[in-house]
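Biologist: I have not looked at this structure before. Could you take me through it one feature at a time?

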Amino acid sequence: MSLIEFQNVSFVDGDKAILKNISVNIEKGDFISIVGPSGGGKSTFLKLCSHLISPTNGNVVFKGKNYTEYSPMELRKSIAYCFQTPYLFGDTVLENINFPFSIRNEKLDQERVIDIFSMFHMSIDYLDKNTQNLSGGEKQRIALIRSLLFMPEVLLLDEVTSALDAENAKIVENVIASLNGEGVTVLWITHNLEQSRKYANKLLTIEAGEVKSLEVLK
Ligand SMILES: Nc1ncnc2c1ncn2[C@@H]1O[C@H](COP(=O)(O)OP(=O)(O)OP(=O)(O)O)[C@@H](O)[C@H]1O
Ligand SMILES: [Mg+2]
């Protein structure tokens, strides 16, 4: 059984077909890079994977059950999604870091927070910072940390290294590759061709709303 299955999925807005009849199987442990021209439908595909939007036609199935059969909270706990434009809320970084704990009625786990900041080579002094004063690359990493405080089953990443310098991109890539090594299924959109082939076992090309190819890399 596939972990996530797209069954003849279309997403239409008005009279514009943004995704057309997509059928794809995502297996547990996959690391899939999603590439293709701008405007082709990559982010829309990932939003469907996260249940942020629902298909106009067809089904998206997670572990054999249609997404619509799960509560939004269940899916949110299993499937983490990082936006193309990082979205932080509230005033401070701490509010964002505390959020995944508070929605689970848990107290902030300081050790976990310290660990994860060090994985990203970031100081925990960031916690007190105002989110508005962060650089784009800092926002990206805080959003990523927020989504990884609790280990997801599936990690959906939309160009999460686009604002990072080479060194920090490498740090993030290594964290993601090691999570995949621990069994997390990863789907990430990237425009960086070298990045797209380095860690992935499959390369999904989406063009003009259609799956152009699904290449097995290793
Ligand atoms: N909710 C929506 N309503 C209407 N049009 C949309 C919606 N979401 C996306 N689009 C349009 O669908 C097309 C695909 O958008 P999408 O964001 O999925 O592309 P993309 O492949 O991620 O592009 P990029 O590489 O530039 O991020 C675009 O033409 C976009 O303007
Ligand atoms: Mg996009």
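Biologist: How do the residues around ligand 1 divide by class?

Modeller: A shell can be read by sorting its residues into nonpolar, polar and charged. In this model, which is predicted, the shell around ligand 1 has eight polar residues, two charged ones and one nonpolar one.

Biologist: Which residues surround ligand 1?

Modeller: They are D13, I18, G36, S38, G39, G40, G41, K42, S43, T44 and Q84. Helix 1 supplies the largest share of this shell, with three residues.

Biologist: What is the strand order in the open sheet of four strands?

Modeller: The order of a sheet is read from one side to the other. Here it is 2-1-4-5, and the pairing is antiparallel. Strand 2 (16-26) and strand 5 (65-66) each have a single partner strand, so they stand at the edges and one side of each is left without a neighbour in the sheet.

Biologist: How many bridges join strand 1 to strand 2?

Modeller: Seven, between antiparallel strands, with strand 1 covering residues 4-13. To find the pairing in the structure, look at E5, which stands opposite N25 in strand 2.

Biologist: What is the order of the sheet with six strands?

Modeller: This open sheet is read as 6-7-8-3-9-10, and its pairing is mixed. At its edges are strand 6 (79-82) and strand 10 (210-216), each of which pairs on one side only. On average, neighbouring strands here are turned by 15 degrees against each other, with direction ignored.

Biologist: In which sense do strand 6 and strand 7 pair, parallel or antiparallel?

Modeller: The sense is parallel, over four bridges, and strand 7 spans residues 154-158. Y81 has L156 of strand 7 opposite.

Biologist: At what angle do helix 3 and helix 5 cross?

Modeller: For a pair of helices, take the axes and then the residues that meet. The axes of helix 3 (residues 93-102) and helix 5 (residues 136-148) cross at roughly 25 degrees and come within 8 Å. Angles under 35 degrees count as roughly parallel, so helix 3 is roughly parallel to helix 5. Their crossing is right-handed.

Biologist: Which residues of helix 3 and helix 5 meet?

Modeller: From helix 3, V93, N96, I97, F99 and P100 meet I142, I145 and R146 of helix 5. By class, the residues of this contact are six nonpolar, one polar and one charged.

Methods. Residues numbered from 1 in each chain as written. Chains lettered and ligands numbered in written order. Predicted model: local features only at pLDDT ≥ 70, side-chain atom pairs only at ≥ 80, totals over all residues. Pairing = 2+ DSSP bridges. Helix = DSSP H or I, 4+ residues; strand = E, 2+ residues; numbered from the N terminus. Near = placed C-beta within 6 Å. Nonpolar A, V, L, I, M, F, W, Y, C, P; charged D, E, K, R; others polar. Axes fitted to C-alpha atoms, helices over the stretch in contact; angles between N-to-C directions. Parallel < 35°, antiparallel > 145°, perpendicular 65-115°, else oblique. Left-handed = near helix turned anticlockwise from the far one by under 90°. Contact = placed C-beta atoms within 7 Å.
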